[in-house]
Amino acid sequence: MKPTDLPALRALDEPERSRLFGAGRYRRFARRETVFRAGDLGDCLYLILRGRVALRITTPAGDEVTLSLLCRGQLFGLIAVVDDTARRVTTAVALEPTHTLSVGREVLHRLRQQNPGIEHMLTDALAAHVRQLSTTVLDLLHQPVDKRVARRLADLTLCYRNGARDVEIPLTQDDVASLAGTTRATANRVLRGLEARGVLALSRGRITIADRRRLADAAR
């Protein structure tokens with residue numbers, strides 16, 4: 001994939017993209033491999049070149065909650081941008097074989113000073129991250145679980161679409177429950193209801209979205 005194909009980099013000019021890629025380190029992660037853990041020092045920023053990554057937290061009760069699922073071309077580990085001493089607050093896990101570009105904090109600081117486009121890119125990424133977290137919190141506080149599940153599925157559809165009519169999401173019902181902030185049993189009830197309406201089909205470790213329009217209606 002060319003750097004220009006990555007959403008986070010579209011605002012950069014060619015010299016800025018070249019400097020960013022020249023300063024980074026390429027890393028590969030296997031399916032379900034941990035990229036970093038909550039509590040680790042936030043010493044670098046990651047750009048997803050291929051694959052998908054889940055950001056998760058563990059509640060005081062010991063439950064695991066998925067805050068977001070990120071696709072190719074997205075940035076994560078943004079704490080490295082804003083705080084020199086901060087620790088990670090989430091655990092990042094590769095959901096499939098994933099390739100990343102990582103840029104260390106000191107190198108990133110120099111790039112930001114010398115390249116206005118990179119500074120703007122990071123500011124935009126931080127703003128998008130705050131908006132996404134705000135939406136997630138508001139959904140958890142104010143939206144019924146049926147709508148939360150439908151909204152997370154709609155988000156996943158955008159992440160996994162590949163041009164085909166049906167969208168296959170290779171995630172389990174546990175994954176969907178974690179994203180929606182509910183139990184597996186409740187997520188199963190909602191998913192079965194959507195399946196009965198022809199919106200999706202369930203199979204082992206996979207959800208196939210068959211009617212994106214009706215899913216969007218359920219998410220409103």
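Modeller: One term before we start: a charge sits over a ring if NZ of Lys or CZ of Arg is within 6 Å of the ring centre and within 35 degrees of the ring normal. Also, please keep in mind that this is a predicted model.

Biologist: Thanks! So which residue lies over the face of Phe36?
Modeller: That is Arg88, at 4.1 Å from the ring centre of Phe36.

Biologist: And how many aromatic pairs does the structure hold?
Modeller: There are four aromatic pairs. In one of them, the ring centres of Phe36 and Tyr46 are 5.8 Å apart and the planes are at 40°, so this pair is tilted.

Biologist: Where do Phe36 and Tyr46 lie?
Modeller: Phe36 is in strand S2 (residues 34-36) and Tyr46 is in strand S3 (residues 44-50), so their pair ties together parts ten residues apart in sequence.

Biologist: Is Phe36 buried or exposed? And Tyr46, buried or exposed?
Modeller: Phe36 has a relative accessible area of 6%, so it is buried. Tyr46 is buried as well, with 3% relative accessibility.

Biologist: What kind of pair do Tyr46 and Phe76 form?
Modeller: A stacked one, with 5.0 Å centre to centre and 10° between the planes. This pair links distant parts of the chain, as Tyr46 is in strand S3 and Phe76 is in strand S6 (residues 75-76), 30 residues apart.

Biologist: Then is Phe76 buried or exposed?
Modeller: Phe76 has 1% relative accessibility, and buried means under 20%, so Phe76 counts as buried.

Biologist: Which residues form one aromatic cluster?
Modeller: Phe36, Tyr46 and Phe76 do.

Conventions
Residues numbered from 1 in each chain as written. Predicted model: local features only at pLDDT ≥ 70, side-chain atom pairs only at ≥ 80, totals over all residues. Heavy atoms only, no water. Phe/Tyr/Trp six-rings, centres within 6.5 Å; stacked < 30°, edge-to-face > 60°. Helix = DSSP H or I, 4+ residues; strand = E, 2+ residues; numbered from the N terminus. Buried < 20%, exposed > 50% of the residue type's maximum accessible area, 1.4 Å probe, protein only.
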